[in-house]
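Here's a quick briefing to read alongside the structure. Have the sequence and the 3D view open as you go.

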Amino acid sequence: MIRFENVSKVYARGARPALDDVDVDIERGEFVFLVGASGSGKSTFLRLVLREERPTGGRVYVAGRDLTRLSAWKVPSLRRGIGMVFQDFRLLPNKNVYENVAFALQVIGRPRHTIRTTVPEVLEWVGLDGKEKRRPHELSGGEQQRVAIARAFVNRPQILLADEPTGNLDPTTSLGIMRLLDRINSTGTTVVMATHDDEIVNEMRRRVVELSTGRVVRDEADAQYGRREDILPLVGPAPVLDAPGRGVPRPSVPNPRIVVQPEPGDLAAERAAEAALEQGAFDHDGAQDDADVADPPGVGTRSRRAMSRAGVEEA
Amino acid sequence: MRLQFILVEVLQGLRRNATMVVSVILVTFVSLIFVGAAALLQTQVTKLKGDWYDLVEVSVFLCPDGSTVPTCAEGEATEAQIEAVERAIDTELGDLVATTYFESKTEAFEAFSARYPDGYQGTQLTEEDMQASYRLQLADPEQYQVVDDVLGGRDGVEVIEDQRAAFEPLFLALNRASLVAVGLAAVMLLAAALLITTTIRLSAVSRRRETGIMRLVGASNLFVQLPFMLEGAIAALVGAVLAVGGLWLAVQYLVVDWLAQSVDWVNYVTTADVLAIAPLLLGVAVALAVVSSVVTLHRYTRV
């Protein structure tokens, strides 16, 4: 589905490459975590898949197309088959929830009756039923991210890219977002998610591709986030972190964590999404009208997976 | 669906940039007034030429007695010389000359006597003081130079006169006026183009969020850019319509109602001429908007 062959990307002549000879092959229906320090090339990877950038070396294949040879006027049709979610949601503040999702269909010229039926379905599916008229600033962060995911998914893309989608969210809300992404993945959509969140990666146990200064240093199935030292080798016990009491064991609290209570809206949205799933809302028998690519033989049927279940099938 | 969506976008954009849009309208309005004025002056020149050139002739004066011109060294034009001139007119200028008329000395004297029955400035002239001439009406009065080349310097021809020369100062003035108008129009059009560029750029920046998402979800280039182009085009078109209206009023009140009443022997431009150049002005406005928006958008909203 996504194949990088010896891909290099140098932004400015003479600068350190953002990606350096990267070889990655992501099958249809996979869920892949892209981890690595800031500046390790995760975002560049995603931008190359969207063809917002072109590689300076090597080839990028997405959904059977060679992006290095794709002419500019075909880029929109490529992007219609890819959904993208960001850390900062990128919703339009002057449009309400419904309009934000509908916008994605309007601008690619979907007929009005399709929009009228599809948008409520996908909103119910992400657990935002009844909040169509809210503006983004009236929603919690988790709800906003759900709107953004609904917008990315409403056109039933084959690929969903997520650039640190939980980066602005508390752990519990993040978990809800991850359930949503997992549900999207279980419909057969390939999901690639760049993240720093070790807890999520460790819990999900999916394929992990680790980048470091533009190189793939690890690519494992069922993997964990990895030790922090591996990712940030240069950060030792810096003086500023040597606060008083550091390293002193605190027996009373075995695993000190700040407990964050998520906003009620996020919890409600998650419950609603679960309920909608039970009822089979937004079921995926709808025909893909962007029949961009034929399935490569041998890859395809995937069973629905629950979040708790670990393990990735490797094709 | 798409059309309605784009129109809503355009209206929002126009409202958001109201002051810039107004300035685009005004600058286009003024520049197109100049373009239109130049076009109307040229129309006026054409009308005058059409009217007056039908009346003008080229006169080929034959040598009278006692002329000092070198070609008249042999005295009054002889029969042979006159025949040679006539042959030259028939053979060499046959295509150019619509009608030829020979005015003999007798006829010239009759015409003179009819015009000045009491003699000219106190002197009593006789038939012998008159001069025979060929009066040529040219099919295309602009071809005078050819006649001069063929007949000038021939023995027996004293001088060739083009009556058109009488109008030249007027036409020169009108042409210079159109040139000035065109020059001012060019400067104003440049200003309008730059202003449209700035307006579109502002609009593009203020809507960066929307266009970013449009590109992300796979809207086509045209779909992303069309609202901006339409914004510029609508502002320019409104300016053009105002310019047409302004010219129409100017022609109606200055020319038709006033000038044509006081000096009525000239065929003036009419409001119909204003409507005839209206498509030109609208076309210039649209071209202006399209060119500046394509240049701007190429840089600001590329996929």
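A:Thr213 counts as partly exposed, because 15 other C-beta atoms lie within 10 Å, which puts it between the cut-offs of 12 or fewer for exposed and 20 or more for buried. Keep in mind that this is a predicted model.

**Positive phi in chain A**

- A:Thr213 sits in the loop between S9 and strand S10 (215–220) of chain A, and its phi is near 40°, a positive value in a residue other than glycine.
- A:Arg205 also has a positive phi without being glycine, this time near 55°.
- You'll find A:Arg205 in the loop between helix H7 (198–204) and strand S9 (207–212) of chain A.
- A:Arg205 has 17 C-beta neighbours inside 10 Å, so it counts as partly exposed.
- For background, most residues other than glycine have a negative phi.

- Chain A has 9 helices and 10 strands, and 43% of its 315 residues count as buried.
- Take the contacts in chain A between residues at least 6 apart in sequence: 75% of them join residues at least 24 apart.
- The largest nonpolar core has 85 residues, and the members touching the most others are A:Leu34, A:Val101 and A:Ala150.
- Helix H3 (residues 97–106) of chain A gives the most to this core, 7 residues.
- What does A:Val101 touch, leaving aside its neighbours within four places in sequence? Its contacts are A:Val119, A:Val122, A:Leu123, A:Val147, A:Ala150, A:Arg151 and A:Val154.
- There's also a second, separate core of 43 residues, which includes B:Ala181, B:Ala193, B:Ala235 and B:Ala240.

**Where the chains meet**

- The contact draws 19 residues from chain A and 15 residues from chain B.
- On the side of chain B that touches chain A, the elements giving two or more residues are helix H1 (2–16), helix H7 (208–216) and H8 of chain B.
- H7(B) supplies the largest share of that side, 5 residues.
- By residue type, the side of chain B that touches chain A splits into 9 nonpolar, 3 polar and 3 charged.

**Helix H8 and the annotated spans of chain B**

- Does the length of helix H8 (residues 221–262) of chain B agree or disagree with what its residue count predicts? At 1.5 Å a residue, its 42 residues should span 62 Å, and the end C-alpha atoms are 58 Å apart, so the two agree.
- H8(B) does bend, by about 30° at B:Val255.
- An unreviewed UniProt entry annotates residues 21–41, 179–202, 222–255 and 275–297 of chain B as "transmembrane region".
- Residues 179–202 of chain B are 100% helix and 0% strand in the model, with end C-alpha atoms 35 Å apart.
- Residues 222–255 of chain B are likewise 100% helix and 0% strand, and their end C-alpha atoms lie 46 Å apart.

- B:Glu127 is in the loop between helix H4 (105–115) and strand S3 (133–138) of chain B.
- With 14 other C-beta atoms within 10 Å, B:Glu127 is partly exposed.
- Not counting residues up to four places away in sequence, B:Glu127 touches B:Lys105, B:Thr106 and B:Phe109.
- B:Glu127 and B:Phe112 are 15 residues apart in sequence, and their C-alpha atoms are 9.5 Å apart in space.

Terms used. Residues numbered from 1 in each chain as written. Chains lettered and ligands numbered in written order. Predicted model: local features only at pLDDT ≥ 70, side-chain atom pairs only at ≥ 80, totals over all residues. Helix = DSSP H or I, 4+ residues; strand = E, 2+ residues; numbered from the N terminus. Expected span 1.5 Å × (residues − 1). Bend = angle between axes of the 7 residues up to and from the residue. Contact = placed C-beta atoms within 7 Å. Nonpolar A, V, L, I, M, F, W, Y, C, P; charged D, E, K, R; others polar. Core = buried A, V, L, I, M, F, W, Y, C linked by C-beta atoms within 7 Å. UniProt positions renumbered as here; feature names shortened; annotations may be inferred.
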